[in-house]
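Dear colleague,

Please find below the structure that I am handing over to you. My notes on what was found in it follow directly after.

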Amino acid sequence: MTTASRPLKALGISWKEITGLVLFYFFFSLLYRLVLWTNGNGFAFGTDNWGWLRPDRYWDGSGRQYAFLLLASVIIWFLGVYLLRKQKMSYQILAIFFLTPTIVYISRELRYDWLDARGITHLTGPAEVWDWYIPTLFLWIQFGVYFAYRYFKENQRKLRIEGELRQAAMKSELAAIKAQLNPHFLYNVFNTINASVPAEQEETREMIATLADLFRYQLQASQQETVPLREELEFVEKYLSLEKARFEDRLKIEVDVPENLLNEQVPPMLLQPLVENSIKHGLASLIDGGSISIRIFKKEDRLHFEIADTGVGIKDKSQLFNTGIGLTNTKLRLEKMYDATLLVMDNDPRGLKITFAI
């Protein structure tokens with residue numbers, strides 16, 4: 001961007017638009033000069049057919065008047081459009097409607113004073129109204145075209161964005177189909193691998209079977225809005241059993257959920273990202289490991305969830321939502337589906353506690 005173009009960008013205009021406006025006024029000033037000339041000559045042609053184009057005659061006949069009109073147009077645009085650029089278009093149109101006759105009247109009086117000072121004639125008496133009425137009508141039409149052009153450009157922009165959104169939605173649908181196919185494929189592969197593991201490696205076979213169950217649940221969850229809390233907890237416990245095999249005695253797990261809540265409907269894949277976050281960012285770096293507790297209870301017709309760990313914790317809680325997509329997506333799902341807030345706080349004596357209610 002050049003230095004000269006920066007002030008124009010701040011005003012929301014471009015050199016192309018300024019050039020178009022000047023050419024617009026130049027064209028209509030020439031047209032008005034031609035009308036005056038043909039009217040004065042009675043539409044008769046002679047030896048001076050192109051005299052109306054002489055610069056001095058053009059300036060005296062129409063150029064000067066349209067120069068004042070252009071200046072009035074810029075002032076009206078500045079007051080009614082630029083200063084109200086953060087307001088609705090309807091407010092700008094209303095401002096232009098009332099500003100135009102006022103600014104045109106002031107412009108006419110200034111032009112008359114300028115002409116009188118130089119001894120140049122102009123309309124006088126009742127005829128002066130034409131130097132107010134016609135420019136006002138002209139500017140109203142001009143700004144009408146301007147707002148129609150703006151509406152057209154805005155509509156084109158919206159159509160382009162809608163087209164881009166439709167393409168994005170189509171890509172999302174394809175991604176969702178792939179997301180369903182991949183777990184299904186992996187589920188079958190894990191079962192195949194499991195069948196080929198020797199019987200004496202029973203622990204390995206159990207881990208593979210558990211992993212296959214996780215993928216099966218993920219596949220089913222992608223096709224359902226809600227699942228019983230019982231199934232969600234079984235999924236989380238299977239996930240934790242795999243982590244337990246890795247951490248061994250370094251990981252302690254506590255689940256506190258009343259039996260009468262196990263049939264409550266909850267969004268699938270709701271707890272696992274939170275538990276995974278506690279292990280990955282809270283406990284994994286500790287030599288002695290730690291514990292994770294899941295507590296769910298009902299109060300005032302709302303299910304309350306608490307996932308706590310005794311990990312390293314974090315000072316800036318907002319950074320948690322920049323470390324991965326699991327926690328961020330869970331936060332967004334709760335906000336969109338249940339208007340619920342995911343709260344992150346310090347746990348006692350250390351670690352983090354994540355709570356929400358649906």
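A residue counts as buried under 20% relative accessible area, as exposed over 50%, and as partly exposed in between. Tyr-32 has a relative accessible area of 29%, and it is therefore partly exposed. Please bear in mind that this is a predicted model.

Aromatic pairs

The structure holds 18 aromatic pairs. One of them joins Tyr-32 and Tyr-66 in a tilted arrangement, with 5.9 Å centre to centre and 55° between the planes. Because Tyr-32 belongs to helix H2 (residues 15-40) and Tyr-66 to helix H3 (residues 55-82), this pair ties together parts that are 34 residues apart in sequence. Tyr-66 has a relative accessible area of 12%, so this residue is buried.

Another pair is formed by Phe-97 and Phe-98, which are edge-to-face at 5.2 Å centre to centre, with 90° between the planes. Phe-97 is partly exposed, its relative accessible area being 43%, whereas Phe-98 is exposed at 54%.

Aromatic cluster

Tyr-32 and Tyr-66 also belong to one aromatic cluster, together with Phe-24, Tyr-25, Phe-27, Phe-28 and Phe-138.

Charge on the surface

A patch of negative charge on the surface is made up of Glu-203, Glu-206, Glu-248 and Asp-249. Of these residues, Glu-203 is located in helix H6, which covers residues 202-221. The relative accessibility of Glu-203 is 58%, so this residue counts as exposed.

With kind regards

Terms used. Residues are numbered from 1 along each chain as its sequence is written. This is a predicted model: local features need pLDDT of at least 70, side-chain atom pairs count only at pLDDT 80 or more; totals for chains, interfaces and linings use all residues. Side-chain values use heavy atoms; hydrogens and water are left out. Patches are made of residues with over 30% relative accessible area and no salt bridge: like charges are joined within 9 Å, nonpolar side chains (Val, Leu, Ile, Met, Phe, Trp, Tyr) within 5 Å. Accessible areas come from the Shrake-Rupley method with a 1.4 Å probe; for residues, only the protein chains shown count as cover. A salt bridge is a side-chain nitrogen of Lys or Arg within 4 Å of a carboxyl oxygen of Asp or Glu. Lys and Arg count as positive and Asp and Glu as negative; His and the chain ends are not counted. The place of a charge is taken as NZ of Lys, CZ of Arg, CG of Asp or CD of Glu. Helices (H or I, at least four residues) and strands (E, at least two) are DSSP runs, numbered from the N terminus. Buried means under 20% relative accessible area, exposed over 50%, partly exposed in between (1.4 Å probe, protein chains only). Rings of Phe, Tyr and Trp (its six-membered ring) pair if their centres lie within 6.5 Å; planes under 30 degrees apart count as stacked, over 60 as edge-to-face and the rest as tilted.
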